[in-house]
Amino acid sequence: MAIIGKDISQAKKLLSGGELVAIPTETVYGLAANALDPTAVTQIFAVKDRPTFDPLIVHVATIEQAQKFAASFPEKAMKLANHFWPGPLTLVLPKQAIIPDIVTSGLSTVGIRCPNHDLTRKLLADLPFPLAAPSANPFGYVSPTTAAHVNSQLGHKIKYILDGGPCRIGLESTIVGFENENAIIYRRGGISEEEISKIIGKVSYRLASSNPVAPGQLDSHYAPNKKFYLGDIDELKKEFIGKNVGILRFMNNSDSSVDHQLILSKSGNLEEAARNLFSSLRQLDQKIDIEIILAEPVPDSGIGKAINDRLRRAATN
Ligand code: TXA
Ligand code: MG
């Protein structure tokens, strides 16, 4: 298993030597490598079992650093960076040649983000290179929001996990790209469409297509191993009488007849629900006496849209 600790100099040493280190961010844990070293980055794909057509996000310490890796920075992108960085926002921008093709899967654009987590900010400020990092989970599975989550799935493949405690947001970053001056959300995440609109006006959302720009948009993603059904829980329970079900509810409910029930936010707070989503999914997925998982959508506003997006992609078709 990996060593779990808070030693930034150890993380720096490994990363400088071309090795992988799991790092905390405010969204989810990332599996990081020197973004300018194609050999190091190749290991990310191997460890995650991730297809190389799925590009990685490059993490930087500051806007100035981001400007070194982006060939241009549209005005709207700069406004968003100024307002939301460090934070759960990834900007897709034309890339500079210094970013290796393996990072961007051959695309002419690069996803860049300045994460908001003290330990990782210190690490990034201390490194002479940016970090390419996807979420630190096997491809297609639920993202990790604690060091223990990373260790349980990838601990045998990496040496060090920088432990920054549980992730504050709990959902991946919102990904925004720019096409003909228009801002487009490629993936919903920690910052809502409403918040983005307040800064730059109109923004649209691009649904997944057969050739997704952001494979985080693949229909089946963020998925537990058990069968997972999304809908009205009382209706679903009738369909699965006799099965041992695990239940994931949004908020408090008088129904106490179920043993394996988790509540995302007792008070109905969407931020709290986002924070608890992935760890709750994992918990239900790992309980051996649960056969299937039933969940209900959350209110479809603000970060609730990103939560519902993850729930839909987790669902068994
Ligand atoms: O919050 C996050 O974004 C986390 C933390 C670790 O920063 N990272 C994360 O990475 O969620 P990952 O690899 O699981 O998801 C990255 C998504 C992928 O779906 C990828 O396709 C998209 O970002 N992406 C990266 N570069 C892109 C580009 N040039 N154009 C479009 N999408 C891109
Ligand atoms: Mg991911």
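This is a predicted model: local features need pLDDT of at least 70, side-chain atom pairs count only at pLDDT 80 or more; totals for chains, interfaces and linings use all residues.
One sheet is open and is built from eleven strands in the order β1-β8-β2-β3-β7-β4-β6-β5-β9-β10-β11, with mixed pairing. Its edges are β1 (3-5) and β11; each has a single partner strand, so one side of each is left without a neighbour in the sheet. Within this sheet, β3 and β7 run antiparallel and are joined by two bridges. At this pairing A33 stands opposite A132 in β7. Helix α2 packs on the sheet here, touching β3 and β7, and its direction makes about 155° with that of β3. Another helix, α7, lies across β1, β2 (21-23), β3 and β8 (160-162), and runs at about 160° to β8.

Helix α2 spans residues 38-48, and its buried residues are A40, V41, I44, F45, V47 and K48. An α-helix has 3.6 residues a turn, so residues three or four places apart point the same way. The cover over the buried residues of α2 includes β3 (30-34), α5 (101-104), β7 (131-132) and α7 (147-154). Both ends of the helix can be described further. At its start, a side-chain oxygen of D37 comes to within 3.0 Å of the backbone nitrogen of T39. Just after α2, D49 has a positive phi of about 60°.

Another open sheet has four strands, ordered β12-β15-β13-β14 and paired in parallel. Here β12 (227-230) and β14 (261-263) are the edge strands, each with a single partner strand, so one side of each is left without a neighbour in the sheet. On average, neighbouring strands of this sheet are turned by 20° against each other, direction ignored. Strand β13 (residues 245-249) is joined by four bridges to the parallel strand β15 (residues 292-295). L248 stands opposite A295 in β15.

Helix α10 (residues 270-286) lies across β12, β13, β14 and β15, and runs at about 170° to β13. Helix α11 (residues 304-314) lies across β12, β13 and β15, at about 135° to β12.

Aromatic side chains make further links in this part of the chain. A pair of aromatic rings is described by the distance of the centres and the angle of the planes. The model has two aromatic pairs. In one of them, Y222 and F278 are stacked, at 6.1 Å centre to centre with 15° between the planes. Y222 lies in the loop between β11 (203-205) and β12, and F278 lies in helix α10, so the pair ties together parts that are 56 residues apart in sequence. Y222 and F278 are both buried. In the other pair, the ring centres of Y229 and F240 are 4.6 Å apart and the planes stand at 35°, so the pair is tilted. Y229 belongs to strand β12 and F240 to the loop between α9 (233-239) and β13, eleven residues apart. F240 is buried, with a relative accessible area of 14%.

Arginine side chains also lie over aromatic rings. R310 lies over the face of Y222, 4.8 Å from the ring centre, and Y222 is also the residue stacked with F278. The charged end of R188 sits over the ring of Y205, at 3.8 Å from its centre.

Key:
Residues are numbered from 1 along each chain as its sequence is written. Chains are lettered from A and ligands numbered from 1 in the order in which they are written. Side-chain values use heavy atoms; hydrogens and water are left out. Two strands pair if DSSP finds at least two bridges between them. Axes are lines fitted to C-alpha atoms, for helices over the stretch in contact, and angles run from 0 to 180 degrees between N-to-C directions. Contact means heavy atoms within 4.5 Å. Buried means under 20% relative accessible area, exposed over 50%, partly exposed in between (1.4 Å probe, protein chains only). A polar contact is a pair of N or O atoms within 3.5 Å; within protein, one must be able to donate a hydrogen and the other to accept it, and residues adjacent in sequence count only if both atoms are side-chain atoms. Rings of Phe, Tyr and Trp (its six-membered ring) pair if their centres lie within 6.5 Å; planes under 30 degrees apart count as stacked, over 60 as edge-to-face and the rest as tilted. A charge sits over a ring if NZ of Lys or CZ of Arg is within 6 Å of the ring centre and within 35 degrees of the ring normal.
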